[in-house]
Amino acid sequence: MSPARRESGWASRALLGVAELYAAEQAAIESGIAGITLMENAGRAVARALLDRWPACGVTVLCGPGNNGGDGFVAARHLRDAGWPVTLGLLGSEDTLRGDAAAHAAHWDGPTQTLDANLLEGAGLVIDALFGAGLDRPLKGKAAEIVAAANAGDAPIVAVDVPSGLSGDSGLTVGPLVVEAALSVTFFRKKLGHLLYPGRGLCGEVVLADIGIPEAVLSKIQPRCAENGPALWQAAWPVRGPEDHKYSAGHLVVLGGAEMTGAGRLAAVAGLRAGAGLVTVAAPRHAALVYELASPSLIVHPVETTAEFRDLLDDPRKNAVVMGPGAGPGKALRTHVLEAAGLGRALVLDADALTAFKESPEALFNALSGPAVLTPHEGEFTRLFGEIDGNKLDRARQAAARSGAVVVLKGADSVIACPDGRAVINGNAPAWLATAGSGDVLAGMIGGLLAQGMPAFDAVCAAVWLHGASAGALGPGMISEDLPAALPGVLAALRKNLLNTS
């Protein structure tokens with residue numbers, strides 16, 4: 001992938017922390033864009049979001065004492081100018097406002113009332129412009145009272161930037177009370193808290209508005225986290241040419257277990273659907289027939305001992321290995337993993353292959369000599385890495401740095417972390433993807449992309465996004481074995497997009 005295309009894709013999907021947001025705004029001001037102009041554009045964008053989605057109705061604007069409140073004053077002015085009845089309540093008094101917020105409050109010529117829950121009476125919509133992404137203390141006093149009343153009411157709440165009471169950095173609440181928004185309007189780039197749960201569930205629909213901050217400021221900030229999507233990895237996508245053949249698309253090996261054979265079969269078929277030229281299932285002899293019946297496209301190779309497994313991997317064309325799904329934890333699996341790790345093959349370690357090292361994780365980390373991907377859910381993560389302080393993004397990054405592997409901390413907001421500090425948060429996984437076997441499919445998809453030579457971080461980001469897109473295409477009621485069959489349609493749409501952007 002060319003550095004320019006990677007940088008462009010990353011910039012288009014960048015997620016900002018609070019400090020990065022402030023740095024972006026400051027860089028914009030230093031470039032000659034007045035702060036008062038940025039605030040005007042932000043407030044206008046909030047008003048426009050309401051005008052585009054709802055018919056005219058009474059709206060109550062709740063303004064805080066900082067810049068978030070200044071955005072609220074601007075939104076109130078634009079809605080009133082559009083003919084909407086507007087009630088504006090301020091936490092504190094106008095004479096305590098400073099800078100751009102004070103200037104825009106002065107431009108508001110309607111009544112400014114003291115913040116109180118009775119301002120919500122008769123409101124068809126509520127704008128939460130109390131506190132922004134940088135809030136670091138629980139809501140209290142009048143702010144807590146009115147947020148509780150707004151949450152209990154029927155009027156949809158529109159949050160300015162992020163819902164008040166939510167950390168823009170972590171997606172965690174900063175106290176027991178937080179705004180439950182139907183819509184959040186944010187600016188320049190989404191914040192981490194828009195993607196990480198519980199924040200993602202509290203923000204409602206997220207609208208990203210351009211307020212005039214130049215794209216060039218990102219080169220100064222150099223954000224290290226992005227929202228997953230094809231723009232991040234499409235330039236690394238393995239496109240087959242007319243002279244390619246099955247061996248040029250790689251040979252994936254999936255280690256199958258003796259009893260939980262469904263997991264290995266799901267992983268193997270998913271590897272095929274993801275584009276691996278060949279997929280071999282290494283399985284105990286007495287279970288081989290089960291795997292052979294999974295698909296006539298699979299190669300099944302009986303393996304009982306470590307020596308037999310080593311002999312299988314001695315063929316350098318077998319360049320990627322998925323281990324763990326249905327394998328059964330134990331000494332034999334540990335030995336097989338260490339053997340494959342020592343050969344430098346691209347590895348995907350899932351489920352039992354992670355649990356097998358819960359007593360000695362460093363033995364695994366020290367053995368990794370090639371591209372490696374670890375795919376734990378929360379329970380497996382804790383068993384392998386122990387208790388790590390911080391939010392989900394922080395924990396995944398620390399685990400990647402410690403293990404030297406790309407780590408996928410799975411969930412509704414899966415975080416993909418690279419040892420070099422880059423991280424991606426996935427946002428397209430529907431709720432019905434949480435079903436038995438879906439993780440096995442994901443492991444196989446990652447393995448299929450690794451076999452085709454895709455760099456590990458890109459392969460994982462692509463597989464996680466395709467996994468979610470396939471589930472989204474299927475809809476509620478899908479089961480894990482439906483996912484590989486849905487992949488060709490998703491890949492066809494992706495290919496069309498790649499051709500249109502090449």
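## A buried tryptophan and a helix pair

W10 counts as buried, because its relative accessibility is 14% and the cut-off for buried is under 20%. This is a predicted model. W10 sits in helix α1, which spans residues 3-13.

What does W10 touch beyond its neighbours within four places in sequence? Its contacts there are P223, R224, C225, A226, L232, R422, A423, V424 and F457. G212 lies 202 residues from W10 along the chain, and the C-alpha atoms of the two are separated by 19 Å.

Now for the helix pair. Two packed helices are described by the angle between their axes and the distance between the axes. Helix α3 covers residues 35-53, and helix α4 covers residues 67-81. Their axes are 7 Å apart, at an angle of about 55°. The two helices are therefore oblique to each other. Their crossing is right-handed.

Which residues of each helix make the contact? The table lists them by helix.

| Helix | Residues in the contact |
|---|---|
| α3 | M39, E40, A42, G43, R44, V46, A47, L50, L51 |
| α4 | N67, G70, D71, V74, A75, R77, H78, L79 |

How many of these residues are nonpolar, polar or charged? The contact of α3 with α4 has nine nonpolar residues, four polar ones and four charged ones.

How values were computed. Residues numbered from 1 in each chain as written. Predicted model: local features only at pLDDT ≥ 70, side-chain atom pairs only at ≥ 80, totals over all residues. Heavy atoms only, no water. Helix = DSSP H or I, 4+ residues; strand = E, 2+ residues; numbered from the N terminus. Buried < 20%, exposed > 50% of the residue type's maximum accessible area, 1.4 Å probe, protein only. Contact = heavy atoms within 4.5 Å. Axes fitted to C-alpha atoms, helices over the stretch in contact; angles between N-to-C directions. Parallel < 35°, antiparallel > 145°, perpendicular 65-115°, else oblique. Left-handed = near helix turned anticlockwise from the far one by under 90°. Nonpolar A, V, L, I, M, F, W, Y, C, P; charged D, E, K, R; others polar.
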